[in-house]
Amino acid sequence: MKSLALCIPAYNAAWCLPRLLTSAQNQYIKFDEILVYNDCSSDNTQEIALKYGAVVIDGDVNRGCSFGKNKLAGMVKSEWIHFHDADDELLPNFTNLAHKWMASEECPEVVLFNYEYRDHITNEFISLRKFDKHKLETDPIKYAIAEQINPFCGLYNKTAFLNAGGYDLDPKVLYNEDCALHISLALHHLRFSSEDEISIINYRISNSMSQNNKDKCFQAQFYVMEKTASAAAPKYYIDIAQRFIEIATNLASINNWEKTKASLMFAKKLGLNSISADSNILFNVVSKFSPFAAFWIREKMIRLLKPRLRR
């Protein structure tokens with residue numbers, strides 16, 4: 001039987017680690033390793049992780065979860081790794097499903113697991129994330145460009161993950177590092193697939209890093225696509241351009257007009273030559289906002305973009 005490691009980056013996670021580590025202990029097939037990277041927490045994250053039997057690697061300086069995941073991946077002995085956010089949870093069937101995939105001779109290097117999205121406080125079911133297996137297997141680059149893929153739902157061949165370089169530690173992609181990772185893995189020709197059965201719960205946290213740093217998240221999306229445009233084959237330019245349009249929508253929603261303009265310029269450069277001040281794309285951008293704000297936003301974007309977009 002192939003070996004499987006659970007890798008958990010943690011910063012001030014004492015409030016949620018017991019739930020995750022309990023769920024790890026309750027797996028039908030035990031993890032071969034459970035490791036926690038303690039990123040200079042100021043609470044008793046280390047103490048709790050040790051109490052639940054995890055191996056703890058303590059960071060000397062707070063470097064973020066991407067550094068922690070790379071560190072953990074480089075230290076585990078197992079052949080396969082699963083990263084999990086400290087504030088999420090595993091259902092007991094996760095390792096059963098993982099071992100089913102790992103035992104297959106045709107197992108791809110990356111397997112994504114469908115998951116439930118629930119409220120952290122009430123446990124209310126919010127939605128179900130289901131990956132498109134056919135699209136993942138047919139063209140993982142195209143899929144990774146278009147879709148948000150998080151590491152708490154992934155199973156990775158350790159050697160392939162490390163050979164692809166792991167997480168990008170460029171500060172500019174922080175807050176969108178998971179998308180950057182999966183695009184990179186796809187560009188390095190790793191094969192992807194997905195597991196249909198639910199085995200993971202992702203919790204909605206009201207004060208999460210992404211919720212509190214929308215501007216940084218949207219700018220990171222921009223830089224990830226900028227890097228992708230320089231690395232991907234031309235056949236993906238339209239897919240990247242479409243993502244730049246979505247990013248422009250996000251940036252416009254927080255009045256970051258400089259990056260909104262840059263995003264639309266990238267979209268035009270990559271092949272969406274039909275963009276104009278009165279195009280459907282621009283209408284879709286402003287339609288994301290309230291009716292009261294739409295007119296003001298539309299006029300501002302027309303004044304800002306019209307001279308450049310019609311060149």
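Residues are numbered from 1 along each chain as its sequence is written, and side-chain values use heavy atoms, with hydrogens and water left out. Because the model is predicted, local features need a pLDDT of at least 70 and side-chain atom pairs count only at pLDDT 80 or more, while totals for chains, interfaces and linings use all residues.

Let's start with open space. Rolling a probe the size of a water molecule over the atoms shows where empty space is left. Here the search runs on a 1 Å grid over the protein atoms alone, and a pocket is an open set of points where a 1.4 Å probe fits, with protein on both sides within 12 Å along at least five of seven lines. Grid points are joined across faces, edges and corners, and a volume is the space filled by probe spheres set on the points.

The second largest pocket holds about 240 Å³ of space. Its lining is made of 13 residues, of which K135, K142, Y143, A146 and E147 are the closest to its centre; a lining residue has an atom within 4 Å of a point. Helices α5 (133–138), α6 (140–146) and α11 (237–253) are the elements that give two or more residues to this lining. Helices (H or I, at least four residues) and strands (E, at least two) are DSSP runs, numbered from the N terminus.

The lining of this second largest pocket has eight charged, three nonpolar and two polar residues. In this scheme Asp, Glu, Lys and Arg count as charged, Ala, Val, Leu, Ile, Met, Phe, Trp, Tyr, Cys and Pro as nonpolar, and the others, Gly among them, as polar. Domain 1 (4–170 + 182–206) and domain 2 (226–309) both contribute lining residues, so the second largest pocket lies between them. The domain bounds come from an automatic or database domain assignment.

## Aromatic pairs

Rings of Phe, Tyr and Trp (its six-membered ring) pair if their centres lie within 6.5 Å; planes under 30 degrees apart count as stacked, over 60 as edge-to-face and the rest as tilted. By this rule there are 14 aromatic pairs. In one of them, the ring centres of Y115 and F152 are 4.9 Å apart and the planes meet at 75°, so the pair is edge-to-face. This pair links distant parts of the chain, 37 residues apart: Y115 sits in strand β7 (residues 115–119) and F152 in the loop between α6 and β9 (154–157).

Y115 is buried at 5% relative accessible area, and F152 is buried as well, at 3%. Buried means under 20% relative accessible area, exposed over 50%, and partly exposed in between (1.4 Å probe, protein chains only). Elsewhere, ring pairs join F83, Y156, F161 and Y167 into a cluster.

Helix α4 (residues 94–102) has seven of its nine residues buried, so it is largely enclosed by the rest of the structure. Those buried residues are F94, T95, L97, A98, H99, W101 and M102. For L97, the relative accessible area is 7%.

| Residue pair | Separation along the chain | C-alpha distance |
|---|---|---|
| L72 and I57 | 15 residues | 8.0 Å |
| L97 and F113 | 16 residues | 9.2 Å |
| E195 and V111 | 84 residues | 6.9 Å |
| L162 and N70 | 92 residues | 8.2 Å |

L72 belongs to helix α3 (residues 65–75) and is buried at 0% relative accessible area. E195 is in strand β10 (residues 192–195) and is buried too, with a value of 5%. L162 lies in helix α7 and is partly exposed, at 37%.

## Cysteines and positive phi

No disulfides turn up in a search of the whole structure, where a disulfide is a pair of cysteine sulfur atoms within 2.5 Å. C7 is buried, at 0% relative accessibility, and C107 is buried at 7%.

Most residues other than glycine have a negative phi, and most peptide bonds are trans. Which loop holds N123? N123 is found in the loop between β7 and β8 (125–129). Although not a glycine, N123 has a positive phi of about 65°, and its relative accessibility of 39% makes it partly exposed. Y175 also has a positive phi, near 85°, and lies in the loop between α7 (158–163) and α8 (177–187).
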